[in-house]
Structure formats: C-alpha cells, structure tokens
Amino acid sequence: MNDIPWWVWVIIAVVVVVVIALAIIAATRKDRERKVARRREEANALREQAQETRLEASQREAEAARARADAEEARVAAEQREREAREHQEHAQRTRSEVDEQLAKADRLDPEGRPAGDRTDDVRREDVRRDDVRRDDVSPTDVEDDPRHRDPDSGRRQD
C-alpha cells in the first residue's frame, strides 16, 4: 500500500466524505419528505373533519332556522286565535248588551208582562240601572217592534 501516492489517498478520502455527506443529505431529505407527507395527511384529515363539522353546523343552523320559523308560525297562529277569541268575546258582549237593552225596553213598556217563571234574566237585568231608564225614552215604534204587542196569529199589533 505504500506504493500508492498520498494524494490518491486524499482523493479517496474526499470522495468517501462526499458520498457520506450525500447519503446523510439524502436520508435527511427523505425523512423531511416523510414528515411533510405525514403532516399533509394530518392536514387533509383535519380539513375533512372540519368540512364534516361545517356541514353539521350548517344542518344545525338550518334546523334552528326551521324551529324559529315554526315558533314564529305558532306565535302568529296564537295571536290570530287570541284576536278571534277577543272578537267573539266582544261580539258576545255586544249581543248581551243588545239583549239587556231589549229586556230593559220591554220592562219599561210593560214591567208586569214577563212570562211566569222567567227569572233567568233577572240577574242580567240588575246590571241595567233602572234609575237611568226614563219612560219618555220609549217611542211608539218601540212598542210596535216589541213582539209581545203583536197578535201571534196575524202578526198585527195588539192594543
């Protein structure tokens, strides 16, 4: 081995060092590529999971919007039913007032003319203050309109 010049040994050493350096660089690069690939896979998995979560969130938002719409529809329906109930109540009160006025008018025209046993309206009639009712409020047409002053057979007024 002594017959190989020293500079050949230097070249061989340099080549070995370069080959080792290249091997280390290649191994490092492959390791880095594996890490990058693994991170890319993790990132893709996270993106897919995020997309699924986003879809779930969108579905929940849609369900919430439907629930709000249903609640609003129910609220509107309830308001409408409440309004109808008030209208029916007002109509019933107007009708009851008209009936009470007719009974008061009938009592003014003929206080003794109530049919026997007709005491069901006494309580309602007490609501009408007899003090406020005056005899001169009765007109001849009121008497003509009262069914008790008509002949049941002919429909004409009885005097």
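Good morning. Residues are numbered from 1 along each chain as its sequence is written, and side-chain values use heavy atoms, with hydrogens and water left out. As the model is predicted, local features need a pLDDT of at least 70 and side-chain atom pairs count only at pLDDT 80 or more, while totals for chains, interfaces and linings use all residues.

I turn to the overall make-up. The secondary structure consists of 3 helices and 0 strands, and the elements follow the order α-α-α from the N terminus. Here helices (H or I, at least four residues) and strands (E, at least two) are DSSP runs, numbered from the N terminus.

How far may we trust the model? The pLDDT, which is the predictor's confidence in each residue from 0 to 100, averages 82 for the protein, and 70% of the residues score at least 70. Confidence is highest in helix 1, at a mean of 95, and lowest in helix 2 (residues 122-127), at 49. Over residues 127-136 the pLDDT is below 50, and this stretch has 10 contacts in the model beyond near neighbours in sequence; a contact means heavy atoms within 4.5 Å. Where pLDDT is low, the predicted coordinates should not be read in detail.

Next, helix 1. Why does its length agree with expectation? The helix has 104 residues (6-109), and at 1.5 Å a residue these should span 154 Å; the end C-alpha atoms are 151 Å apart, so the two values agree. The expected span is 1.5 Å times one less than the number of residues.

Now to the surface. Buried means under 20% relative accessible area, exposed over 50%, and partly exposed in between (1.4 Å probe, protein chains only). Of the 159 residues of the protein, 8% count as buried. In helix 1, the buried residues are Asp100, Leu103, Ala104, Ala106, Asp107 and Arg108.

The accessible surface of the protein comes to about 14000 Å², and 52% of this belongs to carbon and sulfur atoms. These areas come from the Shrake-Rupley method with a 1.4 Å probe; for residues, only the protein chains shown count as cover. A nonpolar patch on the surface has about 1000 Å² of accessible area; its members include Trp6, Trp7, Val10 and Ile11. Patches are made of residues with over 30% relative accessible area and no salt bridge, with like charges joined within 9 Å and nonpolar side chains (Val, Leu, Ile, Met, Phe, Trp, Tyr) within 5 Å. Trp7 lies in helix 1 and is partly exposed, at a relative accessible area of 47%.

Finally, the charged pairs. Side chains of opposite charge can pair when their charged atoms come close. A salt bridge is a side-chain nitrogen of Lys or Arg within 4 Å of a carboxyl oxygen of Asp or Glu. How many does a search of the whole structure find? It finds 4 salt bridges.

Glu72, Arg75 and Glu79 are linked in a network of such bridges. The closest N and O atoms are 2.2 Å apart between Arg75 and Glu72, and 2.3 Å apart between Glu79 and Arg75. Glu79 and Arg75 are separated by about one helical turn, because they are 4 residues apart in helix 1. Arg75 is partly exposed, with a relative accessible area of 38%.

A further salt bridge joins the side chains of Glu82 and Arg86 (3.8 Å, N to O). Both residues lie in helix 1, 4 residues apart.

Thank you for your attention.
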